[in-house]
Amino acid sequence: MKFGPLDLPSLPALTLPRLPLSAFRRRIVFHGVFLLLALAVVVLALTLLAEEKQRSRERYEAGFKQTVSTMAAQLRHPTGQLALINADAVAPSAKGLAPVVLPFSALDYSDPFKARQAVEMSGCAVHWPDDGGQLCVGVGNSAYAGGVVYLVADLVLPPAVAREPGTLDLAPVSHAVVRAETAGGAEQWVAPFEAPGDAPADLGDGGLRGRVTGFAGEGNALVKGSLPVRDFRGWLWQEPGCAQPDQVLPGCARRSLLSLRVPIEAWRAALFASPARTWPPADLGRTTLRLQWIGPEGAVQFDSARAGAVQPFSLQHLATTLSAGEVLRIQRLGGDAARLVTQLRGQAQGDEVAAPWLTRLILRLPSDDTRTQVQASETITSSSGRYRLTLTGDLASVDRQLSATATRMSWYVGAMLGAIVLAWLFIELGLIRPVALLTKRAAALNYNMQDPQVERRLGELDVSDMAGRDEMGILASTLAALLQRVKEGVRREHLRNEQERDMWHAVGHEIMSPLQSLMVLHGQPQDPSHRYVHRMQQAVRVLYGTASPSEAITSATVEVDALDIDNFLRHVAENAPYAGIADVVYTPAGAPVWVQADEHSLEDVVTHVLRNADRYRPVGSAITLALSADETMATLRIHNFGPAIAEELLDKIFEYGVSDGAAGAQGEGRGQGLFVARTYMAKMGGTITATNTEGGVAFLLRLPRATARSPA
């Protein structure tokens, strides 16, 4: 059974041979290099983290001791002592300010320089950043001051209007309103601005100075006959120049210092009661004082209850200097035991996010320092007592801070690893894997070359999945195309061998037929010709019975030489009737036409074509031979009248076994003659083709031109 190129039966899949380990050596090295590169990046990152962890701990411990020293220096300053004394200070509220305990027993309220210096040194003032005003509300640290509160305000105020003696209406007068709320109740005073004694309030150079006299009660008018509160004392000083350089006297706002000493009757009564209470008062944190300065026509020019007040330095400010994990304990020393003043904890600063897995990794990294905490302490001695500062630091918090930094940097490490993986994937998928796949397929193809269906196995190197415009795609496509050409050549050769084998078997059969006739004529053993005819039969059996047609054709020798084809065709036309082909007409060229051919082989070719034409021409019609030539080729046209050849058979009639099936005499019609004609023409370097013409068929034989042969 024969199959065409499109109806081949399916074959089993190619067997894949077991490749040796050396075939994967470069691939193993390639994977190993990328794996080592990725491991090197990870190890480098871990090594740097471990070293940075150790350095971070060393830097933290050095800075930790410096932090304790800095805090101790702050608390040794009067502002720090004020913060120690007022550890439980209350922040400003809408009701007013809570008084603080000053680091001295009393304040010289009547001297502007001493009053301002005491406020600045103690740091007790509450600030308003919008206009630069500040107010200190405090009590002395000794009960001998007599249960009074000091209010020292440094403000920017318009020029004060003094009260004339005996005036009860305070609407046109600048005055202060002070309200105190204690556990024992509320007290309020109205304190108008007055000239000192018989001297005018105006100092003559633009400055103002005067007393602030306090009266119990509230409102814009004094009660007739009311007397000033004896222990309520105060002064107001206004600088001569304007507070703003672009303002012009006399109505511009000026820097003003208001200094008041306000007696709190509830405290004074408690001090002189029996038994006497301790100082400062226990309800000091629940006490609030509100100071207002009222200008003419009731204009409120300052109010201590307004928003935006900034609390003075307190122990809570120290918490902002603490790092995460740090704990500050302040204890007051005295007696047998230390009393805890406050305990502050540092909070995580910023919004840095640390990856939990990275934090756990850093905590597990080895370190020369195995401690989990560090501690430092200092003692502070002040007029209010002795204090001990103890700062405890958590080294794990240092590692967590490092984790937050490492989290940001981990993106770079991840990017490096990602680049390595992408490079590996690019090379693996784009180069190594196609090469490995092509190698496996080529190895399987080579391994299966011993298969009997080798001409079909050659075509099974499927590289459609590797096709592309890159180097691998071009290589795979080129290899597949090359193998396809080899397969087609092998298949053509295989078919040609089969056809040649069949042809030569038929030729042998045709030769054996007349030999059989001769054997009948010379069948007697005593006949001298019997022996030679028998030897010829044996030789034909050996030559054609076992040899393939391709082998016989290959072994046949065609001696190509220069041939005058014009003279050759004239002899063919003259001798055609003796071969049984009548009416062969040739018009001579009139001059020699030399071609490269073998005279005997060419005679066989022309005879086969003439016999084929003779079979199909109408009786009595001529077969014409026409010769034409150019510089390189000579063309012989053999034409006969008769039926046309089917278009689909024009190229196939030269294949072995192709015929119309009508066998004629002498073995004609077997599909051998035209096959032999094409074979001999190919051996002589020529071609033969067939074409349909009007009313008939023409065969064109083309042979290469040759140089004229010299006469012998």
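Guide: What follows starts with the disulfides and moves on to aromatic pairs, strands and confidence.

The model is predicted. Its mean pLDDT is 80, and 81% of the residues reach 70 or more. Two stretches need care. Residues 1–9 have pLDDT below 50, with eight contacts in the model beyond near neighbours in sequence. Residues 663–667 are also below 50, and that stretch has six such contacts.

Now the disulfides. The structure holds two. A disulfide is a covalent bond between the sulfur atoms of two cysteines. C124 and C136 form one of them, with sulfur atoms 1.8 Å apart. The angle about the S-S bond is -115 degrees, and the link of C124 and C136 is left-handed. This pair links distant parts of the chain, 12 residues apart. C124 sits in the loop between α3 (112–122) and β2 (125–128). C136 belongs to strand β3, residues 133–139. Both C124 and C136 are buried.

C242 and C252 form a disulfide with sulfur atoms 1.9 Å apart. Their link is left-handed, at -85 degrees about the S-S bond. C242 and C252 each lie in the loop between β9 and β10 (254–263), so the pair ties together parts that are 10 residues apart in sequence. C242 is partly exposed because its relative accessible area is 23%. C252 is buried, because its value is 4%. The cut-off for buried is under 20%. Numbered in sequence order, the bonded cysteines pair as 1-2, 3-4.

Next, the rings. A pair of aromatic rings is described by the distance of the centres and the angle of the planes. The structure holds six aromatic pairs. In one of them, the ring centres of Y60 and F64 are 5.7 Å apart and the planes stand at 45 degrees, so this pair is tilted. Y60 and F64 both lie in helix α1 (residues 25–76). They are four residues apart, about one turn of the helix. Y60 has 12% relative accessibility, so it counts as buried. F64 has 2%, so it counts as buried.

W189 and F232 form a tilted pair, with 6.1 Å centre to centre and 40 degrees between the planes. This pair links distant parts of the chain, 43 residues apart. W189 is in strand β6 (residues 185–194). F232 is in the loop between β8 (215–216) and β9 (233–238). W189 is buried, because its relative accessible area is 4%. F232 is buried at 2%.

Then the strands. Seven of the 10 residues of strand β16 (residues 385–394) are buried, so the strand is largely enclosed by the rest of the structure. Strand β15 (residues 373–382) runs antiparallel to β16, and 10 bridges join them. A hairpin through two residues joins β15 to β16. Strand β13 (residues 327–333) also pairs with β16 in the antiparallel sense, over seven bridges. V327 has T392 in β16 as its bridge partner.

T342 is buried, because its relative accessible area is 11%. Setting aside neighbours within four places in sequence, T342 is in contact with L315, L328, R329 and I330.

Methods
Residues are numbered from 1 along each chain as its sequence is written. This is a predicted model: local features need pLDDT of at least 70, side-chain atom pairs count only at pLDDT 80 or more; totals for chains, interfaces and linings use all residues. Side-chain values use heavy atoms; hydrogens and water are left out. Rings of Phe, Tyr and Trp (its six-membered ring) pair if their centres lie within 6.5 Å; planes under 30 degrees apart count as stacked, over 60 as edge-to-face and the rest as tilted. Buried means under 20% relative accessible area, exposed over 50%, partly exposed in between (1.4 Å probe, protein chains only). Contact means heavy atoms within 4.5 Å. pLDDT is the predictor's confidence in each residue, from 0 to 100. Two strands pair if DSSP finds at least two bridges between them. A disulfide is a pair of cysteine sulfur atoms within 2.5 Å.
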